[in-house]
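Please open the model in a viewer and keep the sequence panel beside it.

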Amino acid sequence: MANSGHLQIRIFLPHEILMEQPVMKVTAESKQGVFCLLPHHIDCLAILVPGIVSLITEQGNECFVAVDEGILVKCGPEVRISTRNAVQGTDLGSLKQQVDQIFRQIDEKERLTRSALAQLEASLARYFSRL
């Protein structure tokens with residue numbers, strides 16, 4: 001639990017917790033626009049759009065997390081973000097390179113999946129046409 005005056009952020013991915021640390025400020029973007037959360041902000045829920053979540057750590061350093069669509073819940077000092085994909089970085093230049101590389105990998109996996117699905121559908125069609 002974070003000290004008063006701090007937020008405890010947790011970023012959940014489907015297979016792991018990407019980040020869990022105390023922060024002083026969270027800036028994110030929802031469908032309604034960019035917003036900032038400070039420790040005594042009212043509790044809220046936001047649907048995140050793909051973008052950058054900016055965090056100010058207890059030491060005053062800024063770090064960034066590129067997130068896919070997701071849900072942000074702020075309840076008391078806890079801020080929880082659940083998203084399908086996220087990448088953490090300390091500067092926007094290297095974060096952009098990491099995101100580009102990961103998206104290319106995801107695109108390639110999705111292309112291979114669509115190809116395998118098309119082959120499966122064709123095999124099923126051939127099987128049923130023989131019946």
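What follows is a series of selections, each with a description of what is found there.

**Before starting**

This is a predicted model, in which local features need pLDDT of at least 70 and side-chain atom pairs count only at pLDDT 80 or more, whereas totals for chains, interfaces and linings use all residues. Residues are numbered from 1 along each chain as its sequence is written, and side-chain values use heavy atoms, with hydrogens and water left out.

**Stop 1: Lys 74**

Select Lys 74, which is found in strand E7 (residues 70–75). Helices (H or I, at least four residues) and strands (E, at least two) are DSSP runs, numbered from the N terminus. Is Lys 74 buried or exposed? Lys 74 counts as buried because its relative accessibility is 3%; buried means under 20% relative accessible area, exposed over 50%, and partly exposed in between (1.4 Å probe, protein chains only).

Next, display the surroundings of Lys 74. Leaving aside neighbours within four places in sequence, Lys 74 is in contact with Leu 7, Leu 37, Leu 38, Pro 39, His 41, Ile 42, Asp 43, Cys 44 and Val 79. Contact here means heavy atoms within 4.5 Å.

Which backbone oxygen lies 2.5 Å from a polar atom of the side chain of Lys 74? That of Gly 76 does. The backbone oxygen of His 41 lies 2.8 Å from a polar atom of the Lys 74 side chain. A polar contact is a pair of N or O atoms within 3.5 Å; within protein, one must be able to donate a hydrogen and the other to accept it, and residues adjacent in sequence count only if both atoms are side-chain atoms.

The side chains of Lys 74 and Asp 43 meet in a salt bridge (3.6 Å, N to O). This pair links distant parts of the chain, with Lys 74 in strand E7 and Asp 43 in the loop between strand E3 (33–37) and strand E4 (44–48), 31 residues apart. Asp 43 counts as partly exposed because its relative accessibility is 43%.

**Stop 2: other salt bridges**

Side chains of opposite charge can pair when their charged atoms come close. A salt bridge is defined as a side-chain nitrogen of Lys or Arg within 4 Å of a carboxyl oxygen of Asp or Glu, and by this rule the count comes to five.

Select Glu 20 and Arg 10, whose side chains meet in a salt bridge (2.9 Å, N to O). The pair links distant parts of the chain: Glu 20 belongs to strand E2 and Arg 10 to strand E1 (residues 7–12), 10 residues apart. Glu 20 is partly exposed, at 44% relative accessibility.

Now move to Glu 108 and Arg 111, where a salt bridge joins the side chains (2.6 Å, N to O). Both residues lie in helix H1, three residues apart, about one turn of the helix. Glu 108 counts as partly exposed at 35% relative accessibility, and Arg 111 is partly exposed with a relative accessible area of 43%.

**Stop 3**

Tyr 127 is partly exposed, at 47% relative accessibility.

**Stop 4: Gly 89 and Cys 63**

Select Gly 89 in strand E9 (residues 86–89). Gly 89 is buried, with a relative accessible area of 9%. Beyond neighbours within four places in sequence, Gly 89 is in contact with Cys 63, Phe 64 and Leu 95.

From there, select the cysteines. How many disulfides does the structure hold? The structure holds zero, a disulfide being a pair of cysteine sulfur atoms within 2.5 Å. Cys 63 is in no disulfide, and the nearest cysteine sulfur, that of Cys 36, is 14 Å away. Cys 63 is buried, with a relative accessible area of 8%. The sulfur of Cys 75 is 10.0 Å from the closest cysteine sulfur, in Cys 44, too far for a bond.

**Stop 5: Ser 30**

Finally, select Ser 30 in strand E2 (residues 17–30). Ser 30 counts as buried at 7% relative accessibility. Not counting residues up to four places away in sequence, Ser 30 touches Phe 35, Ala 46, Ile 47, Leu 48 and Val 49.
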